[in-house]
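Take a look at the model below. Follow the strands as you read.

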Amino acid sequence: MASAPADGRAGIDAALVKRLIAAQFPRWSDLAVTPVEVDGWDNRTYRLGDDMTVRLPTAAGYVPAVAKENHWLPRLAPALPVTVPAVLATGVPGEGYPFPWSVRGWVPGRTADPDHVDDLSQFAISVAEFLRALQRCDTADGPLAGAHSFYRGASPAHYDEETRRCLAELDGRVDTARAAAVWEAALAAEHSGEPVWFHGDIASGNLLVADGKLTAVIDFGTCGVGDPACDLVIAWTMFSGDSRRAFRDAVGLDDGTWARARGWALWKALLTLAGCGDGDRERAAVNQRVIDEVLADHDSVG
């Protein structure tokens, strides 16, 4: 997630949202509509009054998440240890906007920047406890990993060609021999366990904190049933040292799952680094650090 750009990205602005609300949910038509301070990419999100949000997909590829979240969030929520968004209403295409959309309850909190967290190791344990609770949820009729989850929860082999292309492009900028070894290890460690629920995008922007502690998890658009390895990427993107060890101990998954998780982290960091231009030095440095952490972690386990 990133700071919200000027209103109007993907053809969606506050005026459009106001028209959609007035046409489909007139009981809320007097409420203010304002862009959120921190917005995602797959959807645009607006505050609706003080207690609600409006969430609108920015492209057709993100539309399957609307029905999926609206169906499954109320079913998963009672089993989870922190707040998740409450679904209040579902909108339909209209006013020139072509996709379904939703109204949610506002979830208070700040995104989980380390500066907002009191104790990063304890926070890592809380994230692990959320994941363990999610993995215990009943998978009957749950959506198996696939296109709707952008293949999170499936084998990282789906992104093999893309990863190898990025390795070729980044030769000389990263240690491609060591990175290739991490990727090969991820592909070799095939998932053989029972499929479980996964979130699909456990990242600091989707974890909310209050008083320094984890209080909510948002954005289940890539959730599904499959391999939980994709949910461990935060071990390298946010945690390190003691907090990474605390997370790994608390989440309790096997070495093969961690090998696939390193593959997921490597794929995303390589892809992002390859796409960074000269003006993206900060983002490039962040992803270079993730790659270095993943390679070192792989080396440490032989």
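The paragraphs below go through the sheet, a helix and a hairpin.

This is a predicted model: local features need pLDDT of at least 70, side-chain atom pairs count only at pLDDT 80 or more, and totals for chains, interfaces and linings use all residues. Residues are numbered from 1 along each chain as its sequence is written, and side-chain values use heavy atoms, with hydrogens and water left out.

Start with the open sheet. Five strands build it, in the order β2-β4-β5-β7-β6, with antiparallel pairing. Strands (E, at least two residues) and helices (H or I, at least four) are DSSP runs, numbered from the N terminus. Two strands pair if DSSP finds at least two bridges between them. β2 (33-35) and β6 (87-91) are at the edges with a single partner strand each, so one side of each has no neighbour in the sheet. From one strand to the next, the twist averages 25°.

Now look inside the sheet. β5 (residues 52-57) runs antiparallel to β7 (residues 101-105), joined by four bridges. Val54 stands opposite Val103 in β7. Helix α2 (residues 64-76) lies across β5, β6 and β7, at about 35° to β7. Contact means heavy atoms within 4.5 Å. Axes are lines fitted to C-alpha atoms, for helices over the stretch in contact, and angles run from 0 to 180 degrees between N-to-C directions.

Move on to β10 (residues 207-210). Two bridges pair this strand with β8 (residues 110-111) in the antiparallel sense. There, Arg110 stands opposite Val209. β10 also runs antiparallel to β11 (residues 213-217), over four bridges. Leu207 has Val217 as its bridge partner in β11. β10 and β11 form a hairpin with two residues between them. In the turn, Asp211 has a positive phi of about 50°.
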